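Visitor: I have a structure open and a few things to ask about it. Can we go through them one by one?

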Amino acid sequence: MQDWEKEIREALSQLPLRPLREAEIVEELSQHLEDRYEDLLVQGYAEDEAVQKTLSEFRQNEMIRDLRGLEHAFSEPVELGQEPRSSLTAGLWEDLRYAFRMLLSQPGMTLVVIVTMGLGIGVNTTMFSSLEMLAFRPFDFPNQERLVTVGERQRETSFARGSVTPGDFADWQKQNQTFEELVAIKSSYFDFSNASQPERLSGNFVSAGFFTALGTHAALGRTFTAEDKKISTNQVVVLSDGLWRTRFGADPQIVGRSVKLNEEIYTIVGVMPKNFHYPVDEGQLWIPLSPDSSDRSRRDHYLRVIGLPRRGVSLTQAGEDLNRIAVSLQSEYPDTNRGREVRVVPLVKDATRGVRVAVPFMFISVLLVLLVACANIANILLVRAAARQRDIAIRLALGASRLRVMRQLFAHSLVLSGFGGFLGLLMAYFGIKAMRGMPQDFSMFIPGWTKMGIDQPALAFTLVLSVLTGILCGLIPAWLGTRVELNQVLKNDGPSILSVVQRRADIGPPEYDPKSL
Amino acid sequence: MALKHMRTPSILDREVKRGSTEMLILALVEDRPRHGYEIAKLIEQRSDGVLQFHAASLYPLLYRLEKRGLIQGHWVERPSQRRRRFYKLTKAGQEILKEHRRTWKEFFAALDRVAGINPA
């Protein structure tokens, strides 16, 4: 008798079929071939001819190609006692789904934990966003890395003055050899009379080279030119973006118009970009500082001085250069300049010195808040893990590794911290928005205040903090919750997975689902 | 499936195969469940030997129809016989068969109007 099955198996060997499926096809096809063979014998074919004809009919078509697209690929059978995939991510999705179900099953507890986490993360994110901006990135000037502030200091008392006398500034500007620009700034208030009611605006007189030193151009019109500093020429003013929008309706034709400031007529020559705020956040206009040649006072300190050292000039070299001038002024004007030195400090460092002092203390404070929150949450999760100890024991007894069960508990805390992080981000967003809305009298003197917001570093910080919080909250519950004495726990009575299974067994057998095979 | 004793152009051969084989199988299992060899045999007999279906092409098609839910196969064991796999028409298969019949009727009617071919 012809071995049809062998022929069919050889043909099917090219396909990755499941063993059961292959057996079915072999059985069905071999029966067909046998029927065909017997028919051919009845029709009068000799045995050999019948076999050859049956086989040739079976081989003539591209059955394998047709079957290839139909049959599911066969994967290696699961070896009992081992995970089908040993990767760390295997079953992660199931863990997360299980965690979600657990959270939904106890909404009250979930809400308390998420809100607690949200508060802790939110306070930290708010602090990070604001301090990172105020302490390290208060300005956006192109020349920011080179810019310095220049002040005076009394050698005997080490008393550092932020302000400089007009006489000294004039000599520094004239005699220095290391600065591209050395600029004086004098903050002031201006009575603005164009509106129906007079208004007081904060602004600054700035000497020539102010905008050049900062490397910022006007968004509309121009900044100051060499001609503008001559007092005899028409007086000009540059407006801030905020003033242009609030008082002039963002008029694109504003350049060339006149405004009355302190009872004098000024021509508007430009509007600065929206993010330009210097020397104070709420400064609304800039007017050329025209040094009065008669004002060479060396007693009245009222000028703030910034400088842009030439490229390649170090901070020390710039300081030595100005101190060289200061020494000559000491001998030239001993009554006023005795012991007077010059100190040169990077602009950002000088502007943020107050905030930087507070950074570590503030961060430690809010981190402590988060740690307290984590401790409370860990406690709640530990209680939950203790309540599930019997279930955990059963899983361990059935063969789950401790690491696998720990990961499930971690997934729980990570999902919680994910929601907590999102809530914290929302809190930080609205918190910073509220901070930015604080009275200008307070905020205008803090560089970078108006720039505060949730940016990419803040988002990254929140993400990292959320993950760390999840790990921190889940660590102890996962570690202690999976340290169970199986015999002891399983002998104890109490609600568990086992009892649920038992109850289901009492109800009846589960519905047969052929797809599950 | 092959058209026996006919010098049919290969393109037409493929078109006829594609359009008709599915309908033939569905029609044969419409009245009662049948196994694969019975289906092949009936096609050959009822077409007076013009149409032939060999195992290598019949079974991939049966499996395809089963996968699409148009027929359903099940093993039937009878005393002193090897068990056989029978295929029966499903509800979805009935709908498709109805659609096939309508399309083919329209096609033959069109051919008849144009070329005077009466399928009857």
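Guide: First, a term for what follows: strands are DSSP runs of E with at least two residues, numbered from the N terminus. Note also that this is a predicted model.

Visitor: Fine. Where does A:P279 lie in chain A?
Guide: A:P279 sits in the loop between β8 (264–271) and β9 (285–288) of chain A.

Visitor: What kind of peptide bond joins A:Y278 and A:P279?
Guide: That bond is cis, with omega at about 5°. Most peptide bonds are trans.

Visitor: And the backbone at A:A250, what is phi there?
Guide: Phi of A:A250 is positive, about 55°, although A:A250 is not a glycine. The residue belongs to the loop between α9 (241–248) and β7 (258–261) of chain A. At 24% relative accessibility, A:A250 is partly exposed.

Visitor: What about A:E263, what is phi there?
Guide: A:E263 is not a glycine either, and its phi is positive, near 65°. A:E263 is in the loop between β7 and β8 of chain A.

Visitor: Is A:E263 buried or exposed?
Guide: A:E263 is exposed, with a relative accessible area of 61%.

Visitor: Switching to cysteines. How many disulfides are there over all chains?
Guide: The count is zero. A:C374 is in none, and the nearest cysteine sulfur, that of A:C473, is 3.7 Å away.

Visitor: Is A:C374 buried or exposed?
Guide: A:C374 is buried, at 5% relative accessibility. A:C473 is buried too, at 0%.

Visitor: Next, A:H412. Which helix is it in?
Guide: A:H412 is in α15 of chain A, which covers residues 402–436. A:H412 is buried, with a relative accessible area of 6%.

Visitor: What is A:H412 in contact with, leaving aside neighbours within four places in sequence?
Guide: The contacts of A:H412 are then A:A99, A:M102, A:L103, A:L381 and A:R384.

Visitor: Last topic, chain B. How many helices and strands?
Guide: Chain B has four helices and five strands. From the N terminus on, they run β-α-β-α-β-α-β-β-α.

Visitor: How much of chain B counts as buried?
Guide: 41% of its 120 residues. The accessible surface of chain B is about 7,300 Å², with 53% of that belonging to carbon and sulfur atoms.

How values were computed
Residues are numbered from 1 along each chain as its sequence is written. Chains are lettered from A and ligands numbered from 1 in the order in which they are written. This is a predicted model: local features need pLDDT of at least 70, side-chain atom pairs count only at pLDDT 80 or more; totals for chains, interfaces and linings use all residues. Side-chain values use heavy atoms; hydrogens and water are left out. A disulfide is a pair of cysteine sulfur atoms within 2.5 Å. Buried means under 20% relative accessible area, exposed over 50%, partly exposed in between (1.4 Å probe, protein chains only). Accessible areas come from the Shrake-Rupley method with a 1.4 Å probe; for residues, only the protein chains shown count as cover. Contact means heavy atoms within 4.5 Å.
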